[in-house]
2 protein chains.
Amino acid sequence: MVESYRRIVLASRPHGWVTEENFRIEEVPSPQLQEGEVRVRNHFLSLDPYMRGRMNDAKSYAQPQKLDDTMGGATVGEVVESKSDAFAVGDTVRGMLGWAEYGIAPAQALQKIDARTIPMSAYLGVVGMPGMTAWYGFHKVLEPKAGETLVVSAASGAVGSVVGQLGKIAGLSVVGIAGGPDKCRYVTEELGFDACIDYKTAENAKALAAMIAAVAPKGVDAHFENVGGDVLNAVMTQLNPFARVAICGLISDYNAQPGQVPRSAILNPGLFLVARFKMQGFIVSDHLNLWPQGLGEIARQVAEGRIKYRESIANGLAAAPAAFIGLLKGENFGKQVVRLV
Amino acid sequence: MVESYRRIVLASRPHGWVTEENFRIEEVPSPQLQEGEVRVRNHFLSLDPYMRGRMNDAKSYAQPQKLDDTMGGATVGEVVESKSDAFAVGDTVRGMLGWAEYGIAPAQALQKIDARTIPMSAYLGVVGMPGMTAWYGFHKVLEPKAGETLVVSAASGAVGSVVGQLGKIAGLSVVGIAGGPDKCRYVTEELGFDACIDYKTAENAKALAAMIAAVAPKGVDAHFENVGGDVLNAVMTQLNPFARVAICGLISDYNAQPGQVPRSAILNPGLFLVARFKMQGFIVSDHLNLWPQGLGEIARQVAEGRIKYRESIANGLAAAPAAFIGLLKGENFGKQVVRLV
């Protein structure tokens, strides 16, 4: 049996940028399995930008991460012990077992996944929470119509890459915003976006706005925001009347010092009146009832090769903190996961 | 016949605050009436915050006001000459004849109004564009439900006063924000809002947020914004999940210097994710098809005494510039009009 396992806990809360010192790796004894519970050996764990928000001790849509407790997060793995009729040893499952080699959960907190047609790690990305986030934001917040122009920031990321591909499938003209020529080439050549802007080549929001105007001469009807700050301020100047903006994430903010004016401040709300647009924040976990539909659609499109995805894979539990810090700095390329097996 | 009339033109564009020097009063000859046209003697002209935006030479939802041309705006008055079968001398009409004692319009640009049950000036306010703005924003943007909490800024103004009264009629708990104890007393005692906050007694947005929290302990579900800046930033911190914010105006911005960061900047867009709310700008002239329904409903409620209104009346055309500047500073109390007859 599993006598002990390694896990990563939150050792201290970051002020501004996360550092490796905010985490601690430790070996802990395995608890006994109770009736109705299942023990899982985690094969992959997911690293996601939302985790940065939970590291603060502040009101947010999620509870703060507890100090000295296992860092929370989604995982996929294999059942190694079961006291539930719902799962057998060898089943592949998705759960929220956190940054740890093993985890225990009640059966109802795990979902079986089919790792034969779609690789196990993809259930953390394109057919997991990030893919569902893209699906919900695109279909339910952006209300897209064929022929419209869609802009997506963090376009090569786990969420943005799916949003843009859903846009192309739905007949929109799609402009990505990403950091660096490699990501931009991937976005246009591999994912099929119509254009991609490398925001690192823009001096400021005004220059970025001009670059957007050049590739979206008919204006922007829908915008999917993962970044905020200059990106959002620039896109706002290009919105057509009655445009829709989905606020999915504001990663430009996540490392602000407490008390600082967020870098993501919206500098010209008067544009709300110029273009009479709608801006809406959303959290995919508010809409669990739609996950079967959304993930079913995406899984079919992935299996048919109509939706592509890419992963950044860090190896071994100890690599998780550095990989997470890299994610916050935009160093990943596609969905960031950690392989444990 | 009318040989000449006086009008006010835009003499220069303001930089920051509007001054009386930006306007010029002049006497001009009356043009001949053409076939299909109607000549109106204006009894009242409307002063509205949106006019400030048109004084800039900048992209907005409305065309800029032309220099040396009659200041545009809504008017009510009496037909004094008609070359249209649709109007007879003596009819009372509403039009967009601007800051002038007389005006000419094609018949299709005028609407007959019934000044017997509702005073003529009210067709510029509670049963005019401001009332319709309130109706559209309340019913179509805020999607209100009985029992929810509504906040309205500029609560004693032409628009805000109607929004709050519609809220009470629809069974919401309504909090007004207004400047000064007299306006606040009017909002609660005359208009029947549940509470009113005097924003002038708050040192900053944080203090204002605490004052809102005190009178809206269950949080805010819907917010109607006429002001922006500290008011909007404060209300945003008190929004409940899935709240709605209607951006009708941002009067805190209208006198910003060109190039300045607008005072209305939204400082913490992360709140879009905390409360997953929707913020939507709107312009009532986009929705002309709904005016008969909206104004019909309001007119009935005014006639029944269920919606009250108040006017600030300036006397004589020459008083218009000072009254308009006062409006931008919040010195008016209720709908600001200028009486010409």
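E13(A) and strand E13 (residues 278-281) of chain B run antiparallel and pair over 3 bridges. Pairing here calls for at least two DSSP bridges between two strands. The element names are DSSP runs numbered from the N terminus, with helices (H or I) needing at least four residues and strands (E) at least two.

A quick note before moving on: this is a predicted model, where local features need pLDDT of at least 70 and side-chain atom pairs count only at pLDDT 80 or more, while totals for chains, interfaces and linings use all residues. Residues are numbered from 1 along each chain as its sequence is written, and chains are lettered from A and ligands numbered from 1 in the order in which they are written.

Next, select the whole contact between the chains: 28 residues from chain A and 28 residues from chain B. Contact means C-beta atoms, placed from the backbone, within 7 Å. On the chain A side, helix H7 (271-274) and strand E13 (278-281) are the elements giving two or more residues. Which element gives the largest share of that side? E13(A) does, with 4 residues. Colour the chain A side by type and you get 16 nonpolar, 7 polar and 5 charged.

Where they meet, 14 residues of domain 1 of chain A contact 15 residues of domain 2 of chain A.

Conventions
Two residues are in contact if their C-beta atoms, placed from the backbone, lie within 7 Å. Ala, Val, Leu, Ile, Met, Phe, Trp, Tyr, Cys and Pro count as nonpolar, Asp, Glu, Lys and Arg as charged, and the others, Gly among them, as polar.
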